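Subject: Structure handover

Hello,

Here is the structure for you to look over. My notes follow below it.

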Amino acid sequence: MDDETVSRDHVGSFGRGLGVMEILARHPAGMTLTEMAEEAGLTRAGARRFLLTLVATGYATRSGRVFSLSPRLLTVARTWLGGASLWTFATPIMRAVAAQLNEACSAAILSGEDVVYVARIPGRRIVSISLDVGTRLPAYCTSMGRMLLAGLTSGELEAFLGKATIDRRTPKTIVERSLLAKAIANARTDGFAIVDEELELGLRSIAVPINDRAGHIVAAINVSTQSARFSVEAMERDILPVLRMAKARVEEFFVV
C-alpha cells in the first residue's frame, strides 16, 4: 500500500482519540481537561470533545473536573488477553522462575486502586488466597501494586493516596498514608518492592517492574511465598536476582 493510499484511509480524529485514551491509561488517578489538552497537544475544545466522547461511549468516567478510564476498557483488554496476548511470550519465562524457586510467579497491571493479574504460574505450595488471571487485589498492600504505584508521577501518587480506600488487612499492614508514600518511594529507588504479611499473614512477596521502551513502568512481576519458606533477607538475596533476570528477558520482547 503506497503512502497516498495510507494517507487517504487514515482517520486522523480516530488516531488522536486513541492517543487520548493512551494518555488517560498513563494517569490512573485521572486528568483534568486542561491537563489533557497540554499533554495531548490539543486545544481545550478539542480535548473536551474527545473526553466527552469517551464518557458517552462508556470508555471513560467523569467526576467533577477529572476524567478517568472506565472498567469497560478493561473488559476489552480481558477479551484480548483471552486470546494470544503479549503475556503469551512471558509465560515460559515466568514458568522457569516458578520452577527454579518452587514458588508462584505472577504478573499484573494497575487498574484504578487495584492490581489486575494478567498472567500467573502457581507454585506447588498452597496459600489460602485464590489467585488467577483477572483477579484484582488492592495496590497499596501488594508488592506488584507498590511497584506499579512507584511508576506514577508525584502528583498522581498524591491523588491516589488521597482517595484510595486503605484498610488494615493484617496487623502488619501499612495504613498511614505518609508511610505508604515512603514505602513506594523506596520501591522506586530500589527497583523492587517487598511486602511482608501485609495482605495476608504468612504470605510474603517481592516484585520488580516491567518497563516499556520509553522507560515507563507498565506492569510488574512477582514471586509470592510462605513466610516460613523465605525471610525478607532471603527473598532479597535469593529471589530478587532471579526476578531481575526474568524482567530483563521479558523486556526484550515487551511492546506497548
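Contact here means heavy atoms within 4.5 Å. Buried means under 20% relative accessible area, exposed over 50%, and partly exposed in between (1.4 Å probe, protein chains only). Helices (H or I, at least four residues) and strands (E, at least two) are DSSP runs, numbered from the N terminus.

This is a predicted model: local features need pLDDT of at least 70, side-chain atom pairs count only at pLDDT 80 or more, and totals for chains, interfaces and linings use all residues. Residues are numbered from 1 along each chain as its sequence is written, and side-chain values use heavy atoms, with hydrogens and water left out.

H4 itself spans residues 44–56. Its buried residues are Gly46, Ala47, Phe50, Leu51 and Leu54. They sit on the same side of H4 because they cover an arc of only 125° around the axis, taken from the directions from the helix axis to the C-beta atoms. Exposed Arg49 and Ala56 are on the face turned away from that buried side. Just after H4, glycine 58 has a positive phi of about 90°.

**Methionine 235**

Methionine 235 is in helix H10 (residues 232–253). Its relative accessible area is 0%, so methionine 235 is buried. Not counting residues up to four places away in sequence, its contacts include Ile194, Arg204, Phe230 and Val223. The C-alpha atoms of methionine 235 and valine 223 are 9.1 Å apart.

Best wishes

How values were computed. The expected span of a helix is 1.5 Å times one less than its number of residues.
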